[in-house]
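Welcome! Please take a moment with the sequence and the 3D view below, and then we will walk through a few places together.

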Amino acid sequence: MEVDFKEKTAGILSQFKRDRSSLIPILQQVQQEFGYLPEEAMQQIADFLRISGSTVYSISTFYTQFKLAPSGKKVIRVCRGTACHVRGAAEILRKLEEQLSIKADETTADLEYTLETVACIGACALAPVITINDEVYAKMTPDKIERILKKPDSHS
Amino acid sequence: MPKSSEKIHISIGMASCSKAAGADAVLEAINAELKKNGIDAVIKEVGCIGLCHAEPIIDIVKPGCPQIYYGNLTPETAAELVKDYLLNDNPRPDLALGSVGSETVEGISPFYELPVLKSQVRIILRNCGHINPERIEDYIAADGYQALKKVLSGMTQQQVIDEIKDSGLRGRGGAGFSTGMKWQFCLDAISEPKYLVCNADEGDPGAFMDRSIMEGDPHSVIEGMTIAAYAIGAGEGYIYIRAEYPLAVKRVLLAIKEAEEKGFLGEDIAASGFSFKLHVKEGAGAFVCGEETALMASIEGKRGMPRPRPPFPAQSGLWGKPTNINNVKSMASVPAIISKGAEWYAGIGSDKVKGTAVFALAGKIKNSGLVEVPMGISLRDIIFNIGGGVPNGKQFKAVQTGGPSGGCLPESLLDLPVDYDSLTKAGSIMGSGGMVVMDEGTCMVDIARYFLAFTQSESCGKCTPCRLGTKQMLGILENICGGKGKMEDIDLLLELSQSIKKGSLCGLGQTAPNPVLTTLRYFPEEYKEHIKQHRCRAGVCKELLTYSVISEKCPGCGLCVKACPVNAITLTGKKKPVIIDETKCTRCGACYNACRLGAIEVK
């Protein structure tokens, strides 16, 4: 598994200039590959850019996009933009937390779902919205959440 | 524009919100129906026309007939439409939004005469919803890249800047600084190389115009940037796009590639000797990066934290070099100004502020979507004429402009002209163009708490007053919403607001208290009610609520029963009022929102 990280990360690094300004794009690609930023990969990036591991860590923790632990197969993001807020986003989030038995920013034990909130995805006219992976679900209601989540193995 | 060709043309909106509303399925249904009936038609995927409330939208041009727009389609109605209109000549007025062209169709009103479109003036959004954003040929056919050719074939750098100065264009990112002056500072800076940046890190919750422009007309931004780069003498530029906008990133990247192939970007553009290389940088989810110095730090691969100004970016920006930063809407305005002239642009808008502004109208409003209006139009016009007012017979309460940096304005200020100075005087800001309408079901204390929660979590932590002050303010607001507030809290909020405004380096901190200050200024009674009477009149602050049914008003229609997520409401029989079980009720407000007769009471 570790070898896999190393090779794949090296493959990504080979597409970039050895320049500090490549750091964020590199982290984005590595995360896209693994779904999060493995510690080994972060050190490998630091070595490549000739900066310290702590610098890479400081960037990874500053930007909300970066994850330091694996996410679930399905990442559900609840938009908490103003339009969604006034149209009941809090209720949507509550329903999802209840249905998945996790809180926001947590992942289910079976690594099936990760629940996140996002500041605004800019689909305000269709508020409240959520996204599951990259698909947008418009005009959500607690009822619709239940229907969307319905899957063969029932949740406890 | 209606086309004279012999083929049937169908355009379908394919921006993020169209897709979220189901445009993909509608397109699929149309294609299937066309194929089934052997109809030959040209399908064009276009950007967002801004009528988000009516998505999915298509328009059909039959040879010899006016162009007809259809909205709120489902795969079923779209298939019916293909059959009824294209095969049987029934234009289905029941599904139509409006028609374009000199001829009219019975039962269908003229599209651009609709109240939602009539007072709009579209400059920045000129092509959105009309051209295929993934085909440069479409942009060129709409006079695209003519302005760039004009600039490169004989205007000096100073002439371009003077034209922009004379037009009166001010930064559409929110601060409203003269775009021409900004360019001048950068041209006059002596250091080399110079950089050009387009700020497309549209982070304000409730704002989505920049996304729509990049998704619907990316070349207008690229052309504007190339003109700006020429004017200031930059050879390299960046467009910094929010990571949450994958479709915008995709379309801008594609547009850059097309522009390079056609010779509008890259080396020796239009054989003028001017070269410009444009890169896309994706943001990584930090709101503060919308601030220009933080944005540049992020491009350099650092933590996106602002730094003191001066030096301004025009003197010392990216990698310490002179840099000019403009918003997406400013860039998209540039080609139109160059093509049609400064005088034309300066003739639009009010005496004080020129041109148009784009707003993203959302929240408790009938026609949510994008609107572009002349500067100086009143808030009332935007909300009630264009936006159609508040839906479901509810009462208007406030309009929030400028996102978390802005404020909430009450009904009494609706006749305020929309421009930078008037809104600032009222305690709000123009901002980048988010406009969220709130009705009687919105609690102003909760809204203040909501925005503070946002700025508190997005504060980068550099300035102590912003990092800790917002946390204190949030705590106080949470107490008030939870029924644990004290009257002294209000003075404390005011005091903290002043310290945060004065003690923060960047716009995030300097404006973070605005939502609290404006709600305290215009809606003080709501704060007092929360604190003294433990009452939330909007029925939002859950700890303070009980829900009950007004028996005389309730016909037992069952809408609330369906809406209740915890089955706390039961029907008692035909035409009899429902009963709410208080022990089960989670005070979510779903019943209150569902009831069309105002029969649910919140105390």
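## A serine in a helix of chain B

S422(B) counts as partly exposed because it has 19 C-beta neighbours inside 10 Å; a residue is buried with 20 or more other C-beta atoms within 10 Å of its own, exposed with 12 or fewer, and partly exposed in between, with C-beta atoms placed from the backbone. This is a predicted model, in which local features need pLDDT of at least 70 and side-chain atom pairs count only at pLDDT 80 or more, while totals for chains, interfaces and linings use all residues. Residues are numbered from 1 along each chain as its sequence is written, with chains lettered from A and ligands numbered from 1 in the order in which they are written.

S422(B) sits in helix α16 (residues 420-425) of chain B. Helices (H or I, at least four residues) and strands (E, at least two) are DSSP runs, numbered from the N terminus. Beyond its neighbours within four places in sequence, S422(B) is in contact with L416(B) and P417(B); contact means that the two C-beta atoms, placed from the backbone, lie within 7 Å.

## An enclosed strand

Strand β9 (residues 323-327) of chain B is largely enclosed by the rest of the structure, because 5 of its 5 residues are buried. T323(B), I325(B) and N327(B) point one way, and N324(B) and N326(B) the other.

β9(B) pairs with strand β6 (residues 195-200) of chain B in the parallel sense, over 5 bridges; pairing requires at least two bridges found by DSSP. Opposite N326(B) stands C198(B).

## Where the chains touch

In chain B, 44 residues are in contact with 35 residues of chain A. On that side of chain B, α1(B) gives the largest share, 4 residues.
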